[in-house]
Amino acid sequence: MEMINIQKTGYEKIAVFRDPDAGLRAYVAIHSTALGPAAGGVRMRPYRDEQDALEDVLRLSRAMTYKAAMANLPLGGGKSVIVGDPARDKSPALWEAFGRCLESLEGDYIAAEDMGTSPADMDAISRHTRHVVGTSAARGGTGDPASYTARGVLAGIQAALLWRFGEEKIAGRRIAIQGLGAVGSELAAALAGAGAALAVSDVRGERMEEAAGMFGAERVAPEDIHRAECDVFAPCAMGGALTEETVKELRCEVVAGSANNQLASSNAGKLLALRGILYAPDYAINAGGLIGATARLVGLDPAGREAKIKSIGTRLLRVFLRAEREGLRTEEAANLEAEEVIHTKLVRRKIGEARRRALSAGVRPARYARTV
Ligand code: NAI
């Protein structure tokens, strides 16, 4: 196994692992451990080249720092990517080698499921390292995080409705869901159960048929779903759903869904704000999966976990309020909220270190206010 470290300002550690015998090429980026060990998924994709993989892991690990901070979890942000085809290139040797990579990072990075990996893969990794969550229930883990994510998105949609319409009631609202995968299908069931009228879309026709049959949802072609007239448009498929072109055509009051990296560009975000559409920032509303997958790790019991997932709604209300008060876009307000959580923790840590140094030198420590 070969390990190379790459230095980059703003990142604590970037490690490239290569094990040709096991067919492993992996990048692990630890963006920040300011709040705790860096948690983040293992993404497996046939990346175009090294640069493509590196850019992805850097972007994703930074986003995890913001997501964990926004969810008020004692976790930092990290991510790993494995270069390979998830349908062809998985093997016990690959997971063993990857498990050894994680072990060598001594717990600074905690892996979890992501695109291209599954709870079964986390099980395989967990045979070789302790630093992994999201294993299957059979191995004592939390399994697929999608239902936690869907519950968080539901709480976020309610908060957005409250902010926009003065009441969080879902009954009678029309909601368009793009993508009926693991998260989208659970969200559809929850929304339909609460009395929403649904418009749904998926590139897999059978998923639309199923939603139409089960919830009376209207089926909309994938190229048209963003144009559906509705109260809430919920992107739950791939990233980049909100481009300048699609934003111009939206006919909703609110965008609130699970997909990561919904804004294809900052111009798309500006246009959303200009059009007066309320945007629930992606990493704030989709943190339920992270909360569910790491609940045991951070010592949350099921009631604490559910309360934290619910609090996604309250956090979004803070973001909306801040955006309104400070004349910001909601994604800008979310970044400031997350950065403040991190800065507060870093200042507390500095004070704690100074206090310990003073005490061990037999000097009376300086007094600082307990709240920062
Ligand atoms: P998934 O892969 O199970 O579902 C995605 C669905 O979108 C599939 O049914 C696919 O056929 C459909 N789709 C793809 N392109 C489409 C298009 N152009 N129009 C309509 N449908 C399309 O993924 P999952 O787990 O449901 O995640 C959905 C999104 O939420 C992803 O962006 C993911 O990164 C994000 N997310 C998921 C979390 C989780 O716990 N699974 C946690 C946080 C974010």
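A: **Helix α4 and its surroundings**

The axes of helix α4 (residues 146–165) and helix α11 (residues 302–326) come within 8 Å and cross at roughly 35 degrees. Axes are lines fitted to C-alpha atoms, for helices over the stretch in contact, with angles from 0 to 180 degrees between N-to-C directions. Helices are DSSP runs (H or I, at least four residues), numbered from the N terminus. This is a predicted model: local features need pLDDT of at least 70, side-chain atom pairs count only at pLDDT 80 or more, and totals for chains, interfaces and linings use all residues. Residues are numbered from 1 along each chain as its sequence is written, and side-chain values use heavy atoms, without hydrogens and water.

The crossing of α4 with α11 is right-handed (the near helix is turned clockwise from the far one by less than a right angle). Contacts (heavy atoms within 4.5 Å) involve Tyr148, Arg151 and Trp163 of α4, among others. On α11 they include Arg305, Phe320 and Glu324. This contact has 12 nonpolar, 4 polar and 5 charged residues (Ala, Val, Leu, Ile, Met, Phe, Trp, Tyr, Cys and Pro count as nonpolar, Asp, Glu, Lys and Arg as charged, the others, Gly among them, as polar).

An oxygen atom of the ligand is 2.6 Å from a polar backbone atom of alanine 237. The elements giving two or more residues to the ligand's shell are α4 and α5 (182–193). By class, that shell has 11 nonpolar, 8 polar and 4 charged residues.

Methods
A polar contact is a pair of N or O atoms within 3.5 Å; within protein, one must be able to donate a hydrogen and the other to accept it, and residues adjacent in sequence count only if both atoms are side-chain atoms.
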